[in-house]
Amino acid sequence: MSQQSPPRAADRPETVPFEVGLLFPGQGAQRPGMGEPWRDTPHWKVVTRLSEVAGRDLGQLLLDTGAEQLRRTDTAQLATFTLEMVVLDALREAVPGLRPVVCAGHSLGEYAALTAAGVLDPEDGVWLVGERGAAMEAANRLTPGTMAVLVGPDIVPLTQRRAARMRAADRAQVWVANINGADQVVVSGTAEAVAALADEAARDGARAISIPVGGAFHTPLMAPAAPRLAEAVDRVPLHPALCPVIANVDARARLHDHEAWRTLMLRQLVMPVRWAGSMRTLKGMAGGRLRILEVGSGSTLANLARRTLPGQILVRSVGTPAQVEALAADWWP
């Protein structure tokens, strides 16, 4: 049975009676077949349009590509960004008047956040993501790497000290790449170094979880990707933001200095994602009417937000037509 596009109710007002913040997940959220629920909806036109710009069959990535191939940086990033654009298109139709008051994206998701905020056009965004993914895949071939999540009490300072000690004592190539919360951190580096740090953390009671990515992202090992990405960023027009976007590298919300993003995109390659700080920034911006949507595959960012933001701020994940339809029905007064 074909999926139907979420309906737009004729009696809904043209403005949303609350403020909405949009969060976009990054690489690691991808999974095989995640585009299947959207294939027979009108929003699949987004995939067709972006495929023409990217020069790749993005529909195949969303429908038929297996888990191992989706681990590749150049495929995972395009697939993740494209699905987020499909869901965003559906949200805008299902909820007339939806205008985010703030956007943020985790790593790759920052490009979707910039698109949702109007800094990037979707077509420029998918081309830039393709260039970024290809540059990072090439950097990974020079020095193969991986990432792992560590969960436990006081895990951030403990892991920062362990990584620094391993680099100093053993010349291990391992760094803290994402600070997701007080009890969750992501380490990144060569497979051997990441495994050694994870094993040490596990012996002290932490939980280690591998991430389905192929690369030591947000570390100096990604520096070889910078020249190609810099050339791509310089070719893409940036527009004034329609709402603030919170940057990964410093957790600051930016509205008027859209040209700063050219530098921030390059810094993000080799610097940690300060997601916990980004959520603190979001918390400081939140009014009583703010609602948060994670747009894309999975619910990782929504779960992190629930642990950080006040309980009165409603948080929801939307990644399928059914979830968009339920959102439009449940959240409308």
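Visitor: Where does T146 lie in this model?
Guide: In this predicted model, T146 lies in strand β3, residues 146-151.

Visitor: Why does T146 count as buried?
Guide: Its relative accessibility is 17%, and buried means under 20%, so T146 counts as buried.

Visitor: And which residues does T146 touch?
Guide: Leaving out residues up to four places away in sequence, T146 touches V187, S188, G189, A191, V194, V213, G215 and A216.

Visitor: Over to helix α11, then. Which of its residues are buried?
Guide: In α11, residues 275-285, the buried ones are W275, A276, G277, S278, M279 and L282.

Visitor: What covers the buried residues of α11?
Guide: The cover includes strands β1 (19-24), β2 (100-105), β4 (174-181), β7 (245-246) and β9 (290-295), along with helix α12 (300-308).

Visitor: Why are α4 and α13 called roughly parallel?
Guide: The axes of α4 (residues 73-94) and α13 (residues 321-330) cross at roughly 30°. Angles under 35 degrees count as roughly parallel, and therefore α4 and α13 get that label.

Visitor: How close do the axes of α4 and α13 come, and which hand does the crossing have?
Guide: The two axes come within 10 Å, and the crossing is right-handed.

Visitor: Which residues meet where α4 and α13 are in contact?
Guide: From α4 you have V87, A90, L91 and A94, and they meet V324, L327 and A328 of α13.

Terms used: Residues numbered from 1 in each chain as written. Predicted model: local features only at pLDDT ≥ 70, side-chain atom pairs only at ≥ 80, totals over all residues. Heavy atoms only, no water. Helix = DSSP H or I, 4+ residues; strand = E, 2+ residues; numbered from the N terminus. Buried < 20%, exposed > 50% of the residue type's maximum accessible area, 1.4 Å probe, protein only. Contact = heavy atoms within 4.5 Å. Axes fitted to C-alpha atoms, helices over the stretch in contact; angles between N-to-C directions. Parallel < 35°, antiparallel > 145°, perpendicular 65-115°, else oblique. Left-handed = near helix turned anticlockwise from the far one by under 90°.
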